[in-house]
Amino acid sequence: MSAPSMTLYYNAASPFARKVLILLHETGQASRVSLKAVALTPVSPDAEVCRDNPCGKIPALCLADGNVIHDSRVILDYLDQQHVGNPLIPKEGSARWRRLTLASLADALMDAALLIRYETFLRPEEKHWSEWLDAQQEKIARTLAYFEAEAITELSTHFDVASISVACAVGYLDFRQPNLGWRSSYPRLANWYDEVSQRPSMLETQPPA
Ligand code: BEZ
């Protein structure tokens with residue numbers, strides 16, 4: 001087996017990085033990428049990441065030719081063009097836009113959950129902005145309700161960019177909001193998630209305990 005030719009800056013807690021790791025597993029490309037774990041927050045960026053991605057965000061993927069690509073959507077698109085199996089992002093047609101839109105909605109849920117994490121974990125409690133936190137939480141609830149009511153059949157058909165993204169979003173909620181209790185409100189989403197959680201790519205990329 002040849003040495004990895006790419007390097008992924010990641011953090012095991014990041015749901016955005018997890019999307020990339022899952023796609024690597026699902027497409028048989030994990031051995032092509034060496035993983036570089038970085039610890040960072042919006043107020044304590046990592047100097048090496050900032051050198052390669054001016055906004056300092058992960059995931060960022062350093063390619064064999066030294067070019068660096070980001071964010072997770074761009075990396076998924078790139079990696080999906082580097083394997084010979086079935087594409088995990090439809091190449092064209094209405095399926096492409098629908099699957100990417102579901103993936104974008106999942107990313108928005110992750111954004112909201114991450115903003116809540118930063119507000120509650122990084123800012124002193126007396127500075128927490130409760131209306132803003134509530135608005136993020138409502139965004140999450142609306143998105144979960146949409147997946148439950150409008151998307152569950154589509155998500156169940158195959159494990160692609162849409163399903164990977166929704167699984168990472170829900171997985172991040174379980175990780176950072178373990179008492180949310182979303183399963184009782186969204187039982188079909190819960191059943192779907194419990195099933196896809198057993199995939200090797202999901203088991204091997206679980207957030208830290
Ligand atoms: C987290 O600890 O939740 C986290 C850390 C890095 C990136 C994203 C999320």
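**Two helices in contact**

Reply: Phe 16, Lys 19, Val 20, Leu 23 and Leu 24 in H1 meet Ser 72, Arg 73, Ile 75, Leu 76, Leu 79 and Asp 80 in H3, contact meaning heavy atoms within 4.5 Å. By class, this contact of H1 with H3 has 7 nonpolar, 1 polar and 3 charged residues. Here Ala, Val, Leu, Ile, Met, Phe, Trp, Tyr, Cys and Pro count as nonpolar, Asp, Glu, Lys and Arg as charged, and the others, Gly among them, as polar.

The model is predicted, with pLDDT of at least 70 needed for local features and 80 or more for side-chain atom pairs, while totals for chains, interfaces and linings use all residues. Residues are numbered from 1 along each chain as its sequence is written, and side-chain values use heavy atoms, without hydrogens or water.

Two packed helices are described by the angle between their axes and the distance between the axes. For H1 (residues 15–26) and H3 (residues 72–80), the angle is about 5 degrees and the axes are 9 Å apart. H1 is therefore roughly parallel to H3, a term for angles under 35 degrees. Axes are lines fitted to C-alpha atoms, for helices over the stretch in contact, and angles run from 0 to 180 degrees between N-to-C directions.

The peptide bond between His 70 and Asp 71 is cis, with omega about 5 degrees. Most peptide bonds are trans. Another cis bond joins Ile 58 and Pro 59, with omega about 0 degrees. Pro 59 lies in the loop between helix H2 (47–52) and strand S3 (60–62).

Over residues 4–87 the chain is 32% helix and 18% strand, with the end C-alpha atoms 22 Å apart.

The protein chain contains 9 helices and 4 strands. Helices (H or I, at least four residues) and strands (E, at least two) are DSSP runs, numbered from the N terminus. In sequence order the pattern is β-α-β-α-β-β-α-α-α-α-α-α-α. The C-alpha atoms of the chain fill a box of roughly 50 × 40 × 30 Å along the principal axes.

How values were computed: Parallel < 35°, antiparallel > 145°, perpendicular 65-115°, else oblique.
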